[in-house]
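Hi,

Here is the structure I promised to pass on. Please open it first, then read my notes below.

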Amino acid sequence: DTGGAVLNGKKGKKAAADAAEFGYSKRKSVYKNEVYSQPRRMMPPRSSNPLDKKSGQIILDCSSFVYWCFKKQGITIGANTGQDMADKHFKHMGNIPTSKMLIGDCIELGGSSSYPEHIVMYIGGGKTIGWNGGTTSIAWDPSGGAKVVTVAYWRKALGIITVLRLK
C-alpha cells in the first residue's frame, strides 16, 4: 500500500471524490452516536440523509453508508453490496493495486461477485472509510460508525472482489 495523507492524491470523478470526503467527515472520531444494523439500515424508508443529522442515533450498515454518501452528491446507487456490483454508475476495475485506486473508488470485499460481504470507499493514502460493524475482527466495530482502515488490512482480512469506479 502507498503511504500519504487521506484525501490527497489522484481523485476519481468529482462526485465520487466528494462522496469520499463527505464520508470521511462523518468518521467515528467526529460523530459518536452510531449503530451498525443490517436489518434496520434503511428503515423506515428515508427521504432525508441520516448522515446530515445533528443529534440522535444514526443506524446504517456498510452499503447504506456508501449509498448516502453518494446520494449527498446527487447520485443514487444500489442500496446493498449486490446491487452496487450491477449498478450502471460504476465501471468494474478488478482487483487493482492500491497505487491505481482513485479517491472515491468503492471497494467490494469478501464473498463473491454475486454476493459481496462488504463495501468501503477509498480515501487516499492507502486508506478506506466504511461503516464497519460486526464482531469478527479488529477493524469491525459492533457499535457502528464510519471507520478508517487500510486497504492492506482489507486485502488480507476479506480480499478485494473488485474496485468500482464512478463512470
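Below are notes on the sheet, the helices and the salt bridges.

This is a predicted model, in which local features need pLDDT of at least 70, side-chain atom pairs count only at pLDDT 80 or more, and totals for chains, interfaces and linings use all residues. Residues are numbered from 1 along each chain as its sequence is written, and side-chain values use heavy atoms, leaving out hydrogens and water.

Let's start with the sheet. Six strands form an open, antiparallel sheet in the order β3-β8-β4-β5-β6-β7; strands are DSSP runs (E, at least two residues), helices are runs of H or I of at least four, both numbered from the N terminus, and two strands pair if DSSP finds at least two bridges between them. At the edges are β3 (90–92) and β7 (146–150), each pairing on one side only. Strands β4 (residues 106–111) and β5 (residues 116–124) pair over five bridges.

Helix α2 (residues 62–71) lies across β3, β4, β5, β6, β7 and β8, with contact meaning heavy atoms within 4.5 Å.

How many salt bridges does a search of the whole structure find? There are three, each a side-chain nitrogen of Lys or Arg within 4 Å of a carboxyl oxygen of Asp or Glu. One joins Lys14 to Asp18, with the closest N and O atoms 2.7 Å apart; both residues lie in helix α1. Another joins Asp105 and Arg165 (2.8 Å, N to O). Asp105 lies in the loop between β3 and β4 and Arg165 in strand β8, so this pair ties together parts 60 residues apart in sequence.

Enjoy exploring!

Methods: Axes fitted to C-alpha atoms, helices over the stretch in contact; angles between N-to-C directions.
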